[in-house]
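Good morning, colleagues. I should like to take you through one structure, beginning with a loop and working towards the core and a helix.

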Amino acid sequence: MKSLQELEKIRQEAIKKVDIRRDREGTRIVVGMATCGIAAGARPVLTALLEEVKLRNLQDVIVSQTGCIGVCRLEPIVEVYRPEEEKVTYVKMTPEKAKKIIAEHIVNGKIIHEYTIGAVE
């Protein structure tokens, strides 16, 4: 059993980690990797995003995974968070679409509206 001091130390370290994530600069790309996303093909989309970021040597871009984003019928879903911009949600993704998003949205700053949830819904 941990002491109260040890638990408080663990708590403070966890808070620092959360603050680091919140204050982070740069672009964050999140792929829904719940069962529904994986079944719809999220894993190849995630791999394509990671490969494209590496190929282009994009230093300020992080690709991460999350659970269910909540719209299973539109999976695979990718969310893009950029500083000073609204979140963009791309749906029904494929590896080819993922590569195009890196080229157009992440590198050139042009949202591909035809792939977004607003165009599909």
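Let us begin with Pro 76, which lies in the loop between β2 and β3. Helices and strands here are DSSP runs, numbered from the N terminus: helices are H or I with at least four residues, and strands are E with at least two. A cis peptide bond joins Glu 75 to Pro 76, with omega of about -10°. Most peptide bonds are trans.

Before I continue, a word on the source: this is a predicted model, in which local features need pLDDT of at least 70 and side-chain atom pairs count only at pLDDT 80 or more, while totals for chains, interfaces and linings use all residues. Residues are numbered from 1 along each chain as its sequence is written, and side-chain values use heavy atoms, with hydrogens and water left out.

The loop between β2 and β3 also holds Cys 72. Cys 72 counts as partly exposed because its relative accessibility is 41%; buried means under 20% relative accessible area, exposed over 50%, and partly exposed in between, with a 1.4 Å probe and protein chains only. Cys 72 and Val 120 are 48 residues apart along the chain, and their C-alpha atoms are separated by 14 Å.

Now to the chain as a whole. Its secondary structure comes to 5 helices and 4 strands, and along the sequence these follow the pattern α-β-α-α-β-β-β-α-α. The C-alpha trace spans about 55 × 30 × 25 Å along its principal axes. The chain has 121 residues, of which 35% count as buried. Among the contacts with a separation of 6 or more, 63% come from residues 24 or more positions apart, where contact means heavy atoms within 4.5 Å.

Which residues have the most contacts inside the largest nonpolar core? They are Ile 29, Val 31, Leu 49, Val 78 and Tyr 90, in a core of 23 residues. The elements giving two or more residues to this core are β1, α3, β2, β3, β4 and α4. With 6 residues, α3 gives the most. By a nonpolar core I mean a set of buried Ala, Val, Leu, Ile, Met, Phe, Trp, Tyr and Cys residues joined through side-chain atoms within 4.5 Å.

Tyr 90 deserves a moment of its own. Not counting residues up to four places away in sequence, Tyr 90 touches several residues, including Pro 76, Val 78, Ile 101, His 105 and Tyr 115.

Helix α4 has 13 residues, 95–107, and at 1.5 Å a residue it should span 18 Å; the end C-alpha atoms are 17 Å apart, which agrees. The expected span is 1.5 Å times one less than the number of residues. At Ile 101, α4 bends by about 30°, the bend being the angle between axes fitted to the seven residues ending there and the seven starting there. The buried residues of α4 are Ala 98, Ile 101, Ile 102, Ala 103, His 105 and Ile 106, and these pack against β1, α3, β2, β3 and β4. Just after the helix, Gly 109 takes a positive phi of about 75°.

Leaving aside neighbours within four places in sequence, the contacts of His 105 include Val 80, Arg 82, Glu 85 and Tyr 90.

Glu 52, in helix α3, is buried as well, with a relative accessible area of 10%. With neighbours within four places in sequence left aside, Glu 52 is in contact with Lys 99 and Ile 102.

Two loop residues remain. Most residues other than glycine have a negative phi. Asn 57, in the loop between α3 and β2, has a positive phi, near 55°, and counts as exposed at 52% relative accessibility. Lys 92, in the loop between β4 and α4, has a positive phi of about 50° and is partly exposed at 42%.

Finally, the rings. The charged end of Arg 28 sits over the ring of Tyr 81, 4.4 Å from its centre, and that of Lys 97 sits over the ring of Tyr 115, 5.0 Å from its centre. A charge sits over a ring if NZ of Lys or CZ of Arg is within 6 Å of the ring centre and within 35 degrees of the ring normal. Thank you for your attention.
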